[in-house]
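This briefing covers a single protein chain.

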Amino acid sequence: MARALELAERGLYTTTPNPRVGCVIVRESMVVGEGWHEKAGAPHAEVNALAQAGQRSRGATAYVSLEPCAHQGRTGPCSKALVEAGVGRVVAALQDPNPQVGGKGLEELRRAGIRADTGLMENEARELNIGFVSRMTRARPWVRMKIAASLDGRTALSNGKSQWITGEAARRDGHHWRARACAVLTGGGTVHEDDPQLTVREVATTRQPLRVVVDSQLETPPSARILAGGGTLVAAAREDKAKISALKAKGAEVVVMPNSAGKVELGDLFRELARREMNEVHVEAGHRLNGSLVREGFVDELLLYLAPGILGDKARGMFELPDLADLAGRRALKIHDLRMVGEDVRVLARFA
């Protein structure tokens with residue numbers, strides 16, 4: 001199963017909106033077939049592994065990192081392919097959270113007389129597909145917020161300058177996280193001050209994530225680099241035909257979803273991204289939008305790069321949040337991973 005998960009990870013940047021899945025077929029203690037799902041529309045992991053195994057699949061055990069699908073999508077059901085191949089046992093790490101599957105694949109295997117088990121390395125399989133699980137069970141993407149800061153938690157000077165607080169290795173590592181995301185989200189303030197591209201450049205990828213700008217007042221200029229190449233989604237809080245037309249002329253799509261305060265309704269935005277089959281959303285924004293996302297409970301995970309230097313109290317912080325009168329009101333986090341990346345410290349933390 002560890003090998004199946006290793007294979008599944010090869011689709012880290014490419015399978016969206018589908019889950020990342022790997023399969024290993026074993027017969028008489030020998031691996032006779034391996035496969036992984038490469039991209040949506042392409043054969044699933046089980047089909048690829050069965051093709052490699054051929055007749056050696058009969059009576060073999062298939063280790064799959066996710067329950068085999070039992071429905072007809074862009075490809076045929078994998079449970080049926082396993083039955084027809086004559087495998088003797090299927091071990092799935094994780095039951096598929098997709099309501100279209102949700103145990104149906106395992107049931108079909110058992111009806112055919114195949115022993116089907118689940119739960120082996122379940123946590124590892126869930127982590128690999130945490131965004132897919134989130135979208136299927138919560139109808140919203142998994143939201144990961146990336147922040148580069150000094151050791152005293154400052155993300156930019158008071159004049160807005162922030163390039164570069166962290167080192168080259170940390171910036172390259174950040175592109176890996178961008179590449180695995182379905183969408184990269186930022187705010188209009190960041191677009192004005194930094195004019196970022198928010199594309200994946202430091203790692204090889206065949207797919208660029210959707211770029212999303214939260215811009216309540218439609219202040220993103222048509223010359224902004226984030227619009228280059230088209231396909232950017234701008235979320236606004238008001239209708240302005242002239243500004244919308246200018247953005248559309250650059251290939252952007254504009255959605256208007258205001259809340260009662262005249263800002264973008266973030267809940268509606270994340271529901272819309274889930275409707276568009278976005279599994280993981282990677283946030284790279286300023287302290288105001290960061291604060292709003294944390295305050296409204298939309299951030300699942302923080303990806304922090306802390307550089308060995310200090311900028312002082314007048315520099316900008318990570319989050320614009322209300323002042324607390326008591327420490328009991330702080331937002332608790334649990335450290336999920338901690339390591340050095342170049343000369344910087346990388347902290348992966350999740351809200352408790």
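Helix 2 passes helix 3 in a left-handed crossing, meaning that the near helix is turned anticlockwise from the far one by less than a right angle, whereas clockwise would be right-handed. The model is predicted: local features need pLDDT of at least 70, side-chain atom pairs count only at pLDDT 80 or more, and totals for chains, interfaces and linings use all residues. Residues are numbered from 1 along each chain as its sequence is written, and side-chain values use heavy atoms, with hydrogens and water left out.

**Helix 2 and helix 3**

- Axes here are lines fitted to C-alpha atoms, for helices over the stretch in contact, with angles from 0 to 180 degrees between N-to-C directions.
- Glu46, Val47 and Leu50 of helix 2 meet Cys78, Ala81, Leu82 and Ala85 of helix 3, where contact means heavy atoms within 4.5 Å.
- By class, this contact has six nonpolar, no polar and one charged residues; Ala, Val, Leu, Ile, Met, Phe, Trp, Tyr, Cys and Pro count as nonpolar, Asp, Glu, Lys and Arg as charged, and the others, Gly among them, as polar.

**Helix 3 and helix 4**

- Helix 3 also packs with helix 4 (residues 104-111), at an angle of about 20 degrees and with the axes 9 Å apart.
- Helix 3 is therefore roughly parallel to helix 4.
- The crossing of helix 3 and helix 4 is right-handed.
- Ser79, Lys80, Leu82 and Val83 of helix 3 make the contact with Gly105, Glu108 and Leu109 of helix 4.
- The residues of this contact divide into three nonpolar, two polar and two charged.

**Glu127**

- Glu127 lies in helix 5, residues 122-128.
- The relative accessible area of Glu127 is 29%, so Glu127 is partly exposed (buried is under 20%, exposed over 50%, partly exposed in between; 1.4 Å probe, protein chains only).
- Leaving aside residues up to four places away in sequence, Glu127 touches Arg180, His336 and Arg350.

**Whole chain**

- The chain has eleven helices and 14 strands, taken as DSSP runs numbered from the N terminus (helices H or I, at least four residues; strands E, at least two).
- Of the 352 residues, 52% are buried.
- Among contacts with a separation of 6 or more, 69% join residues 24 or more positions apart.

Key: Parallel < 35°, antiparallel > 145°, perpendicular 65-115°, else oblique.
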